[in-house]
Amino acid sequence: MNLLIVDDAESNVGVLILLIEEWFEEQNIDDVIIDTACDGKQGFEKIQQKHYDAILLDIMMPVMDGLELLELVRKTPLKQQPAIIMQTALGDTKTKQKAKLLGADAYISKPIKFNMIDAMLNRYIIPPDSCDDFDDFDDFDDFDDFSGDEIDEQKNMMEDFNKSHKKVPASVFLEDYTDLSDIIEDLEDLDGDIIRIIDSLDANSIKANIKNIENVLENYSRFLNTFIVFNELSTSLSLLSIALRKTNLANLNENSLQFISNFTIAILEDLQCWKDHVFVEQDAIDVFYINASALSSCIQLESYIKKNSN
């Protein structure tokens with residue numbers, strides 16, 4: 001069983017791998033290989049070299065975006081076409097319709113939860129004759145209907161975010177900031193703390209690192225709060241820090257601690273990526289998309305912590 005995740009955001013990739021591996025463990029299936037690619041071009045190279053049963057494909061990526069890769073794959077005479085599931089933090093009806101016309105099998109919106117992955121893999125990995133729950137299932141709408149108060153709240157936050165922000169390249173965003181030296185210096189100070197946490201964090205060390213994690217999240221939140229346009233991410237980082245502070249890690253099992261550790265690392269790596277592409281390299285095609293990725297991850301981890309600490 002071969003799966004491919006094509007996504008430029010390390011946090012998204014990390015989350016998907018954890019959720020997919022959890023699903024396969026529950027199904028007692030151990031012959032699965034999960035490959036990753038950071039953009040459409042790299043993804044297409046892998047698809048040409050190897051058959052994949054299913055591909056989770058992000059839409060907004062550098063070099064070649066998800067829709068371009070989708071169209072290219074469907075036009076390529078492969079021995080067997082894979083199931084392609086589009087996944088994005090940007091809720092856009094027109095984009096969803098375009099993906100469907102180009103040959104996508106399904107479309108799921110971030111933040112992605114385990115029950116979405118469960119439904120998706122049951123739909124495309126388990127043989128059709130062994131799963132008859134999808135006779136009237138609309139793969140472009142119903143994957144987003146696995147709800148509950150918690151998921152609905154997350155979806156509403158992301159939808160509000162998407163509606164309130166237009167695509168803004170880093171070069172345009174930074175036109176109002178003539179002197180970036182102070183900003184870069186502040187971010188480099190935070191970088192040192194982030195790198196130290198990433199290098200040492202795992203299930204065994206998270207209890208010793210928790211104060212440092214909380215401080216980094218709070219400091220990054222304060223930094224982002226100086227930019228009104230990043231208020232959502234600033235608030236989400238602060239709420240995540242509070243959730244960690246209120247959680248008694250001693251009550252969590254090793255799997256939960258490992259999940260939180262991996263997810264935290266992914267968020268910190270996402271913040272570094274956001275910083276590099278917006279303020280250092282200044283090549284982000286949309287500063288709010290990178291922001292949306294980190295925001296989605298924070299929402300998911302906060303939700304997981306609250307659910308598993310009760």
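Biologist: Which residue is the bridge partner of V6 in strand 3?

Modeller: The structure before us is a predicted model. Within it, V6 is bridged to L57 of strand 3. That bridge belongs to the pairing of strand 1 (residues 2–6) with strand 3 (residues 54–58), two strands that run parallel and are joined by four bridges.

Biologist: In what order do the strands of the open sheet stand?

Modeller: The sheet has five strands in the order 2-1-3-4-5, with parallel pairing. Strand 2 (33–37) and strand 5 are at the edges; each has a single partner strand, so one side of each lacks a neighbour in the sheet. On average, neighbouring strands of this sheet are turned by 20 degrees against each other, direction ignored.

Biologist: How many bridges link strand 4 to strand 5?

Modeller: Strand 4 (residues 83–88) pairs with strand 5 over four bridges, in the parallel sense. I85, for instance, has A106 in strand 5 as its bridge partner.

Biologist: Which way do the residues of strand 5 point?

Modeller: The general idea comes first: in a regular strand, side chains alternate between the two faces of the sheet. In strand 5 (residues 106–109), A106 and I108 point one way, while Y107 and S109 point the other way. All of these residues are buried.

Biologist: What does the protein chain hold as a whole, in helices and strands?

Modeller: The protein chain has 12 helices and five strands. Of its 310 residues, 53% are buried. Among the contacts in the protein chain with a separation of 6 or more, 73% are between residues 24 or more positions apart.

Biologist: At what angle do helix 2 and helix 3 pack?

Modeller: Helix 2 (residues 40–49) and helix 3 (residues 66–75) pack at about 25 degrees, and their axes are 9 Å apart. Angles under 35 degrees count as roughly parallel, and helix 2 and helix 3 are therefore roughly parallel to each other. The crossing of helix 2 past helix 3 is right-handed.

Biologist: Which residues meet where helix 2 and helix 3 pack?

Modeller: From helix 2, the residues G40, F44 and I47 meet L69, L72 and V73 of helix 3.

Biologist: How many aromatic pairs does the structure hold?

Modeller: The structure holds 11 aromatic pairs. One of them is formed by Y220 and F223, which are edge-to-face, with 6.0 Å centre to centre and 85 degrees between the planes. In general, a pair of aromatic rings is described by the distance of the centres and the angle of the planes.

Biologist: Where do Y220 and F223 lie, and are they buried or exposed?

Modeller: Both Y220 and F223 are in helix 9 (residues 206–224), three residues apart, which is about one turn of the helix. Residues under 20% relative accessible area count as buried. Y220, at 1%, is therefore buried, and F223, at 8%, is likewise counted as buried. A further edge-to-face pair is formed by W274 and F279, at 5.4 Å centre to centre and 70 degrees between the planes. W274 is buried, with a relative accessible area of 0%, and F279 is buried at 1%.

Biologist: Which residues form one aromatic cluster?

Modeller: The cluster is made up of F173, Y220, F223, F227, F230, W274 and F279.

Biologist: Where is F114, and with which residues is F114 in contact?

Modeller: F114 is in helix 5 (residues 114–124). With its neighbours within four places in sequence left aside, F114 is in contact with L19, E22, W23 and E26. F114 and W23 are 91 residues apart in sequence, and their C-alpha atoms are 8.1 Å apart in space. F114 is partly exposed, with a relative accessible area of 22%.

Biologist: What is the phi of N28, and what is that of Q282?

Modeller: Most residues other than glycine have a negative phi. N28, which is not a glycine, has a positive phi near 55 degrees. N28 is in the loop between helix 1 (10–26) and strand 2, and at 71% relative accessibility N28 counts as exposed. Q282, also not a glycine, has a positive phi of about 60 degrees. Q282 is in the loop between helix 11 (254–280) and helix 12 (287–308), and Q282 is partly exposed at 34% relative accessibility.

Technical notes. Residues numbered from 1 in each chain as written. Predicted model: local features only at pLDDT ≥ 70, side-chain atom pairs only at ≥ 80, totals over all residues. Heavy atoms only, no water. Buried < 20%, exposed > 50% of the residue type's maximum accessible area, 1.4 Å probe, protein only. Pairing = 2+ DSSP bridges. Phe/Tyr/Trp six-rings, centres within 6.5 Å; stacked < 30°, edge-to-face > 60°. Axes fitted to C-alpha atoms, helices over the stretch in contact; angles between N-to-C directions. Parallel < 35°, antiparallel > 145°, perpendicular 65-115°, else oblique. Left-handed = near helix turned anticlockwise from the far one by under 90°. Contact = heavy atoms within 4.5 Å.
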